[in-house]
Amino acid sequence: MSDDFISGAQMITNVFNNISVQDIKESGKIHEAWKTTVSKISGNGEKLAAHSSVVDLKNGILLIESDHPGWNQMLQMHKKFILTGMNRLSGGVKIDTLAFRVKGSDASLADREEIEKKAAEKFALKIEEDQKKLEAMGFVNEKAAADVKGKESLPPELKAIFDRMEKASKEKN
């Protein structure tokens, strides 16, 4: 057998080795709590439970999938009731909020670190774009760019004014 291929048995073993018994128990509790809680919603509870399911739980956000946007809207209307019931029945797993998606979409929950990293990257790109626009308009010259990279960033006259303001502020306090 080639090194590029693994047997089906090995593949299944690899998958199940990464899942802890505790994760399986928590997952079962959450799924059961979902069905129990949603079924108790007056009116359409049984239908809501039949047309929705738990997909993921990260950072206190429970991702719910339904087979039509209308079910998501109805679940959203009962969000407070659902959260109360889920937190009572889920065996100590804290659920802060619900997120919804329609079956077939690839929406998922991301880790906070991943979101923050993407936001920082987007912010850095925006700063870079703005810098280029300013340079193209003639507002930023090479001396100013060098100043930003660690040298004195203010002309001496302005620096002296700010120093006097800072000193006066400290004297008043």
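Trp34 touches Ser52, Ser53, Val54, Leu62, Ile64, Leu75, Ile82 and Met86, leaving out residues up to four places away in sequence. Contact here means heavy atoms within 4.5 Å. The model is predicted: local features need pLDDT of at least 70, side-chain atom pairs count only at pLDDT 80 or more, and totals for chains, interfaces and linings use all residues. Residues are numbered from 1 along each chain as its sequence is written, and side-chain values use heavy atoms, with hydrogens and water left out.

Trp34 belongs to the largest nonpolar core, which has 18 residues. Such a core is a set of buried Ala, Val, Leu, Ile, Met, Phe, Trp, Tyr and Cys residues joined through side-chain atoms within 4.5 Å. Buried means under 20% relative accessible area, exposed means over 50%, and partly exposed is in between (1.4 Å probe, protein chains only). Trp34, Val38, Leu62, Leu75, Ile82 and Met86 touch the most other members. At least two core residues come from each of helix H2 (21-39), helix H3 (45-50), strand E2 (61-66), H4 and helix H5 (79-89). H2 gives the largest share, 4 residues. In soluble globular proteins, nonpolar side chains tend to be buried together.

## The whole chain

The protein chain has 8 helices and 3 strands. These are DSSP runs, numbered from the N terminus: helices (H or I) have at least four residues, strands (E) at least two. Their order along the sequence is α-α-α-β-β-α-α-β-α-α-α. Of the 173 residues, 18% are buried. Among contacts between residues at least 6 apart in sequence, 59% join residues at least 24 apart.

Which residues does Trp71 contact, leaving aside neighbours within four places in sequence? They are Lys47, Leu48, His51 and Ser66. Trp71 is in helix H4 and is buried, at 17% relative accessibility.

Asn72 is also in H4 (residues 69-77). Asn72 counts as buried because its relative accessibility is 9%. Its side chain reaches the backbone oxygen of Arg101 at 3.3 Å. In H5, the buried residues include Ile82 and Met86. Gly91 follows H5 and has a positive phi, near 70°.

## Salt bridges

The whole structure holds 6 salt bridges. A salt bridge is a side-chain nitrogen of Lys or Arg within 4 Å of a carboxyl oxygen of Asp or Glu. Arg101 pairs with Glu65, with the closest N and O atoms 3.0 Å apart. Arg101 lies in strand E3 (residues 97-102) and Glu65 in strand E2, so this pair ties together parts 36 residues apart in sequence. Arg101 and Glu65 are both buried.

Asp130 and Lys126 form another salt bridge, with closest N and O atoms 3.2 Å apart. They are 4 residues apart in helix H6 (residues 112-136), about one helical turn. Asp130 is partly exposed at 29%, and Lys126 is partly exposed at 41%. Glu166 bridges to Lys170, at 3.7 Å between the closest N and O atoms. Both lie in helix H8, 4 residues apart. Glu166 is partly exposed at 44%, while Lys170 is exposed at 58%.

## A nonpolar patch

Leu154, Leu158, Ile161, Phe162 and Met165 make a nonpolar surface patch of about 430 Å². Patches use residues with over 30% relative accessible area and no salt bridge; like charges are joined within 9 Å, and nonpolar side chains (Val, Leu, Ile, Met, Phe, Trp, Tyr) within 5 Å. Areas come from the Shrake-Rupley method with a 1.4 Å probe; for residues, only the protein chains shown count as cover. Leu154 sits in the loop between helix H7 (142-148) and helix H8 (156-172).

How values were computed:
A polar contact is a pair of N or O atoms within 3.5 Å; within protein, one must be able to donate a hydrogen and the other to accept it, and residues adjacent in sequence count only if both atoms are side-chain atoms.
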